[in-house]
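Hi,

Here is the structure I promised to pass on.

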Amino acid sequence: MILALTATVAIVVLDHTSLRAAPRSAATELTALWRGDVVEIRGERAGYLKVYDYHRERGGYLKSESVHATELTETAAPELLTVLRFLRETPGSETLGISYGAAYLKAVPARSLSAEPFDAIARMAERLADEASASSSRSADAAAHLEVAEQFGIRMQSFERNGRMQVCYDGELFRRVLTMASATAEERAHAVLGLTRPDCIDPTLGPVPRAALDDERSALLDEIKDADLTAMLRTRLHVRRAGVWASIAYSQARRGEPSGTAAGRAFAELLAADPNELGEDRRGEYQDAVLRTSAVRWAVSLPTPQSGALALSAAPGEPGQTCIALEDPHRPHSAPLVRRCTYGIVWMASAQTLPQGPALVLAVQPLESWRELWVFHESKGGWTVDVLSPVADDPEEGYVEYAGFAPGPRRLLIAREVKEHGRFRRRFEELRLDDLALVRQASSPELLRDFGRWQDVAWRRDTLALH
C-alpha cells in the first residue's frame, strides 16, 4: 500500500534538515527531517516554509531550499514521473524516489496508471533494504531512511544471518506488478527476481515450509519468458533458477527422494548463464549460484561399484542420522576400520579410494550450501576420519572437494570455494595426507606443480571450481 498524500505538499530533499520553531537559523530545532519526508505547506515567511509534519504530528519552519513543493494534480503527473525515472536509476536516492513515486500515484489518473511506478518504487525499496543490511557506520541514517519509507506503506522484514542483520523488502509491490496486464517483460522479470532472493529467506524456516517456498520460487521463475529480455536479465534469471533448483535438490535429498533431476536442472541453468553479462556489481549473484550448485553436484551421479582394499557402507543411525563405516573387504566379518555418523547428506557417489594412500575421500553436505570432504586415512594409531570444511569458522556458503592425489610424498589435492563476510574466495591446496597440514596453496591450479601432474581427470571434467 502507498500512503495517500494531501494536495499541497513539499518533499524534503536533504538529509538532516532542521525543522525549527521559528523562521530563522538560530531558532530551536524541533526535529530533523530526512530525504523523502513529506510535509504539508501552510505558509511562507522570510525564506522559510511554514509546514506541518503529520507523521511526527509537529509543525514548524523549513528553509525553502531544503524542500521541493509539488502539486498532486493530473497536470503535474508527467513531471513527477520524469523525476521518478531519474531517481529510480540513482543509487543513494531511494527514499526521495519512493516519495516521488507516492506523489505520482496520487497525481496520475487511474486511466493512465501502468506498472512502471510500482516497479520503480519496489526496486528502490529493495535497494534501500540492501543499503540497510550493509550499513555499519551509517546505521543511524539507514534506520531513519527505513522509517521514511515506512510512511508510504513500504514494509521491511529483518532477521539475523551469520552474525549480522539482514533487511529485506517484503515484495508487496513486486507482487502487484505481476498481477498487472500492462507490466512489461522487464518489469515482470525484476519483480520475480525481487521475490526469489535466497538471502531474503528466513533462516529459521522449517524444512516443510521451506520446500513449499522453493516450489513457489521455481514456479515464478519459470513463468518468465527469456526471449523478450536483455542479455543481463536473461543471465540473472538463469543464475537465480540454478540456485533455486540446487535448493530443491538439497531438500529432496534430505527427504530421501531422488534429487538428480533437480540438480541437473541447476547445472543446465548455470551453464546457460553468461557471467560476463552481469558486470562487477552483479557478479556475486553468479558466484553464489556456483557455490549452491557445486554443493549438490554429486546428486547427478550414481554410486559406482567399489573395488580394491577399502569398502564404504552407509546405514541409518539415530533418527535423521547416516552412519558411515569403512571396512576391509578381505575381512568381511571383522569390525569396521572406522565408523562415523552425520546428520548431513552423504553423497556415496563421491566416494573415491586412493590406493597409493591408502585412503578414501567422501563428500558430505550438512547444510544447503555447505559441503565438506571426509578423508579416511591410516595414521600411527590406526584408521581415522578427518573432516575438511570450506573454512574453519562461521559457515556461510562454500564447498571443498577432492581434486587429485600426489603419491610421493603423499599429498592430497583439494579445491575450496567459500563466501566469507559477503566476499567470495577460491583457492587450491596441497595437503600432507598424514596430518592434512597445508603444504602450499594458490589462487589457480596452474600455479601448483602437482595439480598439473596429478589432478584427477574426472574432477577437472565435472568441477565448477574452474568456472
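Arg371 counts as buried, because its relative accessibility is 0% (buried means under 20% relative accessible area, with a 1.4 Å probe and protein chains only). You'll find Arg371 in strand β15, residues 370-379 (strands are DSSP runs of E, at least two residues, and helices are runs of H or I, at least four, both numbered from the N terminus). The side chain of Arg371 makes a polar contact with the side chain of Glu401 at 2.7 Å, and one of its polar atoms lies 2.3 Å from the backbone oxygen of Ser294. A polar contact here is a pair of N or O atoms within 3.5 Å; within protein, one must be able to donate a hydrogen and the other to accept it, and residues adjacent in sequence count only if both atoms are side-chain atoms.

Bear in mind that this is a predicted model: local features need pLDDT of at least 70, side-chain atom pairs count only at pLDDT 80 or more, and totals for chains, interfaces and linings use all residues. Residues are numbered from 1 along each chain as its sequence is written, and side-chain values use heavy atoms, leaving out hydrogens and water.

Next, Thr293, which sits in helix α10 (residues 283-295). Thr293 is also buried, because its relative accessibility is 0%. Leaving aside neighbours within four places in sequence, Thr293 is in contact (heavy atoms within 4.5 Å) with Ala242, Ala246, Ala266, Phe267, Leu270 and Leu464. Gly422 is 129 residues from Thr293 along the chain, and their C-alpha atoms are separated by 18 Å.

Cheers

Conventions. Buried means under 20% relative accessible area, exposed over 50%, partly exposed in between (1.4 Å probe, protein chains only).
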